[in-house]
Amino acid sequence: MKFERYGIGIAKGLSVTIRHLLRRPVTTQYPERRLVTSRRIRGNELVWSREKCTGCGSCAKACHIGAIEITTSINPVANKYEVETYQVDTGYCIQCGLCVEVCPFEALYMGYAYERAQYRRNDLVQNKETMMETPDREVSGYFYPERAAKLSRQTLLLDRDKVKK
Amino acid sequence: MATLVLPPDWPGGFWAHWGVFVVIIFVFLMAMVVGFIWFERRAMAIMQARLGPNRTGPFGLLQPVADALKVLLKEDIIPAKGDKLVHWLAPVVAFIPLLMLFAVVPFQGGAILADLNIGILYIVAVSSVTTVGIFMAGWASNNKYSLLGAMRQVASVVSYEIPVVLSIIGVVLLTGSLSMQQIVMAQDIPFILLQPLGFLLFFIGALAEINRAPFDLMEADSEIVAGFHTEYSGMKFALFYLVEYGEALAISAIVTTLFLSGWRGPVLPPWLWFLVKVVIVFFVIVWVRTTVPRVRIDQLMALAWKFLFPLALLNLLITAVEILVWPTVSLWLLVLVNIAIMVILVLLWSRLFKLGWGRVEV
């Protein structure tokens with residue numbers, strides 16, 4: 001005998017919905033309240049290290065969008081390449097991460113920030129100065145697990161309400 | 001028997017009474033509709049683990065005001081091949097009967113625009129006129145979805161009017177009067193206890209008549225865009241929106257009056273009791289909306305004619321017999337008997353209930 005046909009199904013449903021009145025909503029009200037993102041987020045900017053970069057240009061070759069532009073000059077005194085210009089048009093970047101993976105000297109990282117919307121396309125172009133690692137421009141743990149270990153853990157919706165913020 | 005708090009011509013004189021209550025009814029309707037829109041969106045959101053509107057004003061209280069402003073500023077479009085006059089008249093024809101309904105709703109003892117001795121009959125008669133407005137809207141829009149929605153609305157109102165009226169007759173039999181005020185004053189025990197089956201039938205039927213979920217298939221947005229008001233915009237759409245929530249308010253007020261002993265209750269002032277009960281009934285309507293998915297048109301018809309209609313007839317017969325033969329012992333015993341009868345009949349009819357071609361399952 002199936003009791004679902006005698007109105008029990010509806011009563012069950014009603015009890016489920018009324019219990020949700022006491023449940024916390026899952027909505028996070030974004031600008032006021034932010035969740036900590038994944039430690040391996042690819043962000044939407046690149047972070048570059050002037051010291052480690054040798055100007056080999058692997059990143060520019062790996063970028064199939066062609067968003068990375070690098071020009072170098074020879075410095076005969078120090079017997080090395082100098083990086084003249086290094087700029088990335090993040091408007092073209094698809095966050096594939098190939099440039100970071102291909103870099104043999106660990107000089108390029110994905111950024112941790114994701115709020116880099118701009119009013120003009122030109123503002124999306126990063127050059128040497130706006131690619132350095134600063135407290136504002138953190139490095140994501142993408143492809144570098146040892147960097148990821150230093151970042152704070154991602155807040156899951158399950159334990160979101162235990163985090164004080 | 002409860003006594004009337006206010007004299008019948010409060011605050012003195014026919015025209016003063018008339019004027020004051022027209023203003024009260026209009027303000028009550030507008031304020032409650034605005035409040036209900038906010039209440040429904042918030043309550044539904046919380047039950048669905050969302051937040052609901054909370055940006056405009058404290059707790060999002062001004063959201064309906066913002067919506068109204070937006071709708072008022074919209075362009076008023078009439079379809080090129082539509083019937084312009086009927087298209088223009090339809091929202092008015094739908095709205096006026098709704099406003100007229102509240103003439104016989106007692107807000108507290110004596111606080112009523114017109115204590116008609118045929119109050120509930122008047123409500124049944126006037127509330128059906130709204131359907132004409134909706135059918136006019138569907139016809140004048142020259143749009144297949146509008147017409148489909150309007151046809152479904154007419155079909156459901158024609159079917160559901162019967163069980164609704166039959167379950168009202170049970171209440172009228174117990175009271176011995178059609179006056180809304182007399183009905184409230186006869187409820188020393190709320191009629192929801194004396195007429196549990198009647199309440200169930202009335203509530204289901206009323207939900208279907210005012211297009212609330214799960215019977216909202218005349219404006220089912222996943223099938224026929226928006227039903228009868230697909231081609232409406234601007235102020236005329238706002239009127240239809242007002243009618244939709246105003247009908248929910250009217251049904252809440254009627255259920256309160258017929259089954260929940262209207263304004264009567266201990267401690268609190270009577271008008272507050274009335275408001276509290278109206279809000280509770282509306283909450284149940286919202287609760288059902290969040291829970292039950294929409295029915296199909298054949299399920300709608302089968303429920304009306306094969307479930308509600310025979311049960312309403314049986315309910316009427318049982319009530320009549322009880323009134324004739326019930327000995328002069330406590331009515332609370334009758335409450336128990338009636339609840340038992342309801343459970344047995346609902347179980348029995350669920351067992352017998354079949355859709356078209358004798359199908360049991362959907």
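I take helices to be DSSP runs of H or I with at least four residues, and strands to be runs of E with at least two. The model I am reading is predicted.

**Chain B, elements.** I read along the sequence of chain B and noted the pattern α-α-α-α-α-α-α-α-α-α-α-α-α. I counted 13 helices and zero strands in chain B.

**Chain B, overall form.** I looked up the radius of gyration of chain B, which is 21 Å. The globule rule gives 21 Å for 362 residues, so chain B is as compact as a globular protein of that length. I noted the span of the C-alpha trace of chain B along its principal axes: about 65 × 60 × 40 Å.

**Chain B, packing.** I checked burial next. Buried residues make up 40% of the 362 residues in chain B. I then took the contacts in chain B with a separation of 6 or more. Of these, 78% join residues 24 or more positions apart.

**Cores.** I found 90 residues in the largest nonpolar core. B:Leu207, B:Leu249 and B:Val255 have the most contacts inside it. Helix H10 of chain B, residues 234-259, gives the most to this core, with 14 residues.

**One residue up close.** I set aside residues up to four places away in sequence from B:Leu207. B:Leu207 then touches B:Arg212, B:Phe215, B:Ile285 and B:Val288.

**Where the chains meet.** I found 14 residues of chain A in contact with twelve residues of chain B. The chain A side divides into seven nonpolar, five polar and two charged residues.

Methods. Residues numbered from 1 in each chain as written. Chains lettered and ligands numbered in written order. Predicted model: local features only at pLDDT ≥ 70, side-chain atom pairs only at ≥ 80, totals over all residues. Contact = placed C-beta atoms within 7 Å. Nonpolar A, V, L, I, M, F, W, Y, C, P; charged D, E, K, R; others polar. Rg over C-alpha atoms; globule rule 2.2 N^0.38 Å. Buried ≥ 20, exposed ≤ 12 C-beta atoms within 10 Å, placed from the backbone. Core = buried A, V, L, I, M, F, W, Y, C linked by C-beta atoms within 7 Å.
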